Structure formats: structure tokens, C-alpha cells
Amino acid sequence: MVADVTRVGEWSPTCTACWWDEGDGPRVGAKFTGRNERPERTWETRSEVVTADHGRQFAWVVVAPPTCARWGYSFVAVDGGTEVTETWELPPEGLAFFEKMFGDDAAREIGIRSDWAKNGIGTTLAAIKGVAEA
């Protein structure tokens with residue numbers, strides 16, 4: 001369910017839609033576009049799947065704009081179901097992108113995006129749980 005990025009809009013508080021490049025799907029190297037909406041703006045990103053280990057992990061990296069932000073999910077069987085963990089990371093190359101784009105405001109902009117990501121994780125996981133258990 002989580003590896004089907006076309007469903008991300010069902011549970012994400014920011015990403016309203018995703019679509020695979022024609023013929024692509026949840027495999028390493030696959031690319032997709034995501035549409036994000038916040039009250040102050042709407043934007044699209046391009047991402048590439050970097051991990052697709054069915055039932056264990058699924059992750060992608062935002063390649064355009066080249067923020068290199070990495071979103072990931074891991075799955076662990078637990079009594080009566082599956083524990084899902086969502087992560088968000090901004091690696092050094094992502095930090096460099098923000099420093100180049102925003103100069104002295106880079107730390108503030110990184111903080112805003114980090115807050116959006118980390119604050120949205122609980123909402124996203126709760127929504128995934130609701131859909132999975134429906």
C-alpha cells in the first residue's frame with residue numbers, strides 16, 4: 001500500500017497527489033512526480049525510488065528540485081499487524097542546496113521544511129493506519 005505512491009495523497013497533510021512516470025512502479029530507480037500544497041504555495045517535486053524491499057522498506061529521494069530529501073518507510077511484523085515507521089532526512093547535499101538557494105536564510109528555510117516533515121509524520125502514519133484497517 002505505501003509503495004504505491006499514487007495513494008500518498010490519501011494520507012499526507014502536504015502531498016496531495018503523486019503519479020509514476022509512464023510504465024514505472026515501486027522499484028529501485030523508478031521516478032515519480034508529487035504535487036504538494038501548503039496555504040502559502042503549491043509546488044511539484046520529482047523523486048526517485050532508492051529502496052524497494054517488499055514488506056521491509058520503501059524509500060525515495062527528491063531529485064528535483066535537488067533537495068536530496070529522503071523519505072522512507074520501514075515495516076516490521078508485530079503481533080496482530082505491522083509496525084510502520086516513517087523517516088525524513090536532509091543529507092549534506094540537501095543542506096548545500098538550501099545554502100545555495102537561500103544564503104543567509106538557509107537555516108530558517110531548512111527549519112521550516114524540517115518542521116513540516118516531522119510534524120506531518122504522525123498525521124501520515126495515523127491516516128495510513130486508518131486506511132489499512134478499514
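This report walks through a predicted model, starting with its sheet and ending with its helices.

## Ground rules

Since the model is predicted, local features need pLDDT of at least 70 and side-chain atom pairs count only at pLDDT 80 or more, while totals for chains, interfaces and linings use all residues. Residues are numbered from 1 along each chain as its sequence is written, and side-chain values use heavy atoms, with hydrogens and water left out.

## The sheet

Let's begin with the strands. Six of them make an open sheet in the order S1-S2-S3-S4-S5-S6, with antiparallel pairing. Strands (E, at least two residues) and helices (H or I, at least four) are DSSP runs, numbered from the N terminus. Two strands pair if DSSP finds at least two bridges between them. As a general point, strands of a sheet pair through backbone hydrogen bonds, either parallel or antiparallel.

At the edges sit S1 (15–20) and S6 (81–89), each pairing on one side only. From one strand to the next, the twist averages 25 degrees. Axes here are lines fitted to C-alpha atoms, for helices over the stretch in contact, and angles run from 0 to 180 degrees between N-to-C directions.

## Who pairs with whom

S1 and S2 (residues 31–38) are antiparallel partners over five bridges. One spot to look for is Ala-17, whose bridge partner in S2 is Arg-35.

Further along, S3 and S4 pair in the antiparallel sense over seven bridges, and Asp-53 has Gln-57 as its bridge partner in S4. S4 also runs antiparallel to S5, joined by five bridges. Gln-57 turns up again here, standing opposite Ser-74 in S5.

S3 and S4 form a hairpin with three residues between them, and Gly-55 in the turn has a positive phi of about 80 degrees. The hairpin of S4 and S5 has five residues between the strands. In that loop you'll find Cys-68, with a phi near 65 degrees, a positive value in a residue other than glycine. Cys-68 is also buried, with a relative accessible area of 19%. For that label, buried means under 20% relative accessible area, exposed over 50%, and partly exposed in between (1.4 Å probe, protein chains only).

Pro-65 lies in the loop between S4 (57–64) and S5 too. The peptide bond leading from Ala-64 to Pro-65 is cis, with omega near -5 degrees. For context, most residues other than glycine have a negative phi, and most peptide bonds are trans.

Ser-47 belongs to S3 (residues 41–53), and it counts as buried because its relative accessible area is 2%. Leaving aside neighbours within four places in sequence, Ser-47 is in contact (heavy atoms within 4.5 Å) with residues including Ala-30, Phe-32, Trp-60 and Val-62.

Thr-45 is another S3 residue, and at 13% relative accessibility Thr-45 counts as buried. Not counting residues up to four places away in sequence, Thr-45 touches Phe-32, Thr-33, Gly-34, Asn-36, Val-62, Ala-64 and Pro-65.

Over in S4 is Val-62, which is buried with a relative accessible area of 8%. Beyond its neighbours up to four places away, Val-62 touches residues that include Thr-45, Ser-47, Cys-68 and Trp-71. The C-alpha atoms of Val-62 and Lys-100 are separated by 17 Å, and the two residues are 38 apart along the chain.

## The helices

Now for H1 (residues 92–102) and H2 (residues 106–133): their axes come within 8 Å and cross at roughly 125 degrees. That makes H1 oblique to H2. Angles under 35 degrees count as roughly parallel, over 145 as roughly antiparallel, 65 to 115 as roughly perpendicular, and the rest as oblique.

Where do H1 and H2 meet? Leu-95, Phe-98, Glu-99 and Phe-102 in H1 meet Ala-106, Glu-109, Ile-110 and Arg-113 in H2. By class, this contact has five nonpolar, no polar and three charged residues. Here Ala, Val, Leu, Ile, Met, Phe, Trp, Tyr, Cys and Pro count as nonpolar, Asp, Glu, Lys and Arg as charged, and the others, Gly among them, as polar.

H2 brings us back to the sheet. This helix lies across S2, S3, S5 (70–78) and S6, running at about 165 degrees to S6.
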